Number of protein chains: 4
Amino acid sequence: METVASKSCADLAEAGREFYRRGWVLGTSGNFSKLLARDPMRISITASGLEKGQLDATSFIEIDDNADIVHGFGKPSAETSIHLTIYRTIQNVGSVLHTHSVWGTILSDKYFESGAIEIEGYEMLKGLSGVTTHEHTEIVPVIANSQDYIELAEVIERVINEHPNIHGIYLHRHGLYTWGETVSEARRHIEIFEFLFEVLGRQLRTA
Amino acid sequence: METVASKSCADLAEAGREFYRRGWVLGTSGNFSKLLARDPMRISITASGLEKGQLDATSFIEIDDNADIVHGFGKPSAETSIHLTIYRTIQNVGSVLHTHSVWGTILSDKYFESGAIEIEGYEMLKGLSGVTTHEHTEIVPVIANSQDYIELAEVIERVINEHPNIHGIYLHRHGLYTWGETVSEARRHIEIFEFLFEVLGRQLRTA
Amino acid sequence: METVASKSCADLAEAGREFYRRGWVLGTSGNFSKLLARDPMRISITASGLEKGQLDATSFIEIDDNADIVHGFGKPSAETSIHLTIYRTIQNVGSVLHTHSVWGTILSDKYFESGAIEIEGYEMLKGLSGVTTHEHTEIVPVIANSQDYIELAEVIERVINEHPNIHGIYLHRHGLYTWGETVSEARRHIEIFEFLFEVLGRQLRTA
Amino acid sequence: METVASKSCADLAEAGREFYRRGWVLGTSGNFSKLLARDPMRISITASGLEKGQLDATSFIEIDDNADIVHGFGKPSAETSIHLTIYRTIQNVGSVLHTHSVWGTILSDKYFESGAIEIEGYEMLKGLSGVTTHEHTEIVPVIANSQDYIELAEVIERVINEHPNIHGIYLHRHGLYTWGETVSEARRHIEIFEFLFEVLGRQLRTA
């Protein structure tokens, strides 16, 4: 049974256009979703292969827990299973956003061996939900990339369960997954992570 | 008693949208204020938690010297006490702006131990109020970040009194506070500092 | 005999304005074309010397296989022969785009001696037509720049025949040529290459 | 006697807004002019102290050969004497543009001792008027900054006479002066130089 949650994806579309402008979803990369109902699960997600600078209300399809299309036209992204896994695994998640940035890609390479990007001591960390001081260490696990999205979704579920306080996961040389209770919160998390990735990335070379 | 000073915050909102576009107030970071009256003190300041790319005339609240809301809806930022301290400590300040940039954050880390970012010999320094030649040394004190904003405000008051000619203060790994007689002047100061921070930051690595 | 293919160049003009915004076609550099008919060949291409941030439907001329103007006003770019060669040499190409970027220029210098920029292991590679996994090595041949465009066109034909699976060629210290079945695909290829060039370029200095 | 040359400064205003967007004239820095008549000399130039992102047709004043205002309101920039000197010294100059960029500032520091930024072997050099091959060496003299604009104008006149084929001059840690027969050509020269400064600046650190 569907809830009365708004199905409008204007907020997702606007976030996507802004991320495109900043160069975080070039070349049709990235995908964005929001939860419409939890039981049975319904989400709206970007159709595959769209230019993210052109997103509007028609760019989204509504799918169920099996990634079958309930409303709309297009093909769900191959990464839809990852979105669904995140909604199932974390309580209260209302939106999942996935971007590909230059600095994130570089950091994921630098910290792939050690297993995580660690970010500590920055005021901007307070932009992450529940973080109330800069004296916080945020762990962003970096996991191996794969074209087997079912396997990848399982790894992500396990990583989230091992690190219940994280706000995002990085796929090695691929991109960031983050989430929030609302689209607005998830968008803020993208911006906070991308800011901090750039700070860390540029500091790699000031040593 | 209120003066007849314009309460319109269109200029603050426009500055904020531009700073967002440049990546200096990502993820709802930053806050902006202007003085409405000095005695009793009234200022307009951004409500807490807003996306700075979306600021408009409704994004501001009017507060008094105790940070109590006089007009408008929302929550004052936790950093309001810093704004009020700056208005109280420096004569003729009409606007206070606070941003979080990548290069500023990096420089604040580099110069935290030495206590200040020093900028010398650039024509752009003439964009700072009262500076008439590039042969000028601008001191930007870097002070320890804290979540105790009352204490932070006291430190800032002391630093300003020790350095009466400065145009800005950097909170370590946090962000820049600058000010001006008008919103326009304060905005110019932000742009001048951010330009010079990028020049200095990039030169760290050309040595 | 002309086909019924759309002659509208709105998509090329929009791509060009966006590339200008990103700094990939500054100072009237770059040129963009689409195929109208293959036999006899007709293409639309940007007239020479235009500011790419101002492109609109009037910015294009229609030329035949000899680069003679069939419709429109202006001068074909000196690089028109390269566009024609690419349409002749690769089956199914519907659009050819040429940009000049900072990171591409730097990489072309770094890898000129070795003969090619090699890109391997990035998810973004999947944005290139026919690439289905990040476990792919993309070769971007770097060839010597020349002002003899006839000779350059011959070199490009030979390089394409030697490397039938490539998606682009770099002229040393000059710029990128890429192509696609549609304007949309060619534009995606530009964005993918520019993203990856920036990642590789920035990593040169993190070693 | 005035010529019938267009007095509209829409093209200068648009160039200025675009340069602001790119971060080349932050904080009210920079100034732009065009020639209205050569004998007696009349030029339109930006009034001093304006935000360059807000330029429109009202942002310019018309001055004579003594920098006295003939039409319009505002104060001529202190650097007006440099503009007038360039119009007097170089035949056919119709527009003079002055910007302050991060990469230009860094390069001017790096090459101040040697006296010039030398740029050689890039296709983008062909965007400079009269340059027909990438096999060209462009000299951009770097001269000491000064607040004595009369003296600075004399130095610039001498440097131009010594290097009659240059397209621009850099004031050390200050900014670029370039020119062209038209606003459009001068704007193209700014974009070409800024592109090449970024390429050279970034390569300083790939060595």
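**View 1. The salt bridge between chain B and chain A.** In this predicted model, one salt bridge (a side-chain nitrogen of Lys or Arg within 4 Å of a carboxyl oxygen of Asp or Glu) is found across the interface of chain B and chain A. Look for B:Glu51 and A:Arg187, whose side chains meet with N and O 3.7 Å apart.

View 2. B:Leu26, B:Arg173 and B:Arg205 supply 26% of what chain B buries against chain A, more than any other three residues.

**View 3. The salt bridge between chain B and chain D.** Across this interface, too, there is one salt bridge. D:Glu51 pairs with B:Arg187, and their closest N and O atoms are 3.7 Å apart.

**View 4. The wider meeting of chain B and chain D.** In this view, 25 residues of chain B touch 28 residues of chain D. Together the two chains bury about 2300 Å², and carbon and sulfur atoms give 53% of that area. B:Glu123, B:Phe195 and B:Arg202 supply 25% of the area that chain B buries against chain D, more than any other three residues.

**Notes for all views.** Residues are numbered from 1 along each chain as its sequence is written, and chains are lettered from A in the order in which they are written. Local features need pLDDT of at least 70, side-chain atom pairs count only at pLDDT 80 or more, and totals for chains, interfaces and linings use all residues, while side-chain values use heavy atoms, leaving out hydrogens and water.

How values were computed
Contact = heavy atoms within 4.5 Å. Buried area = accessible area lost by both parts, 1.4 Å probe.
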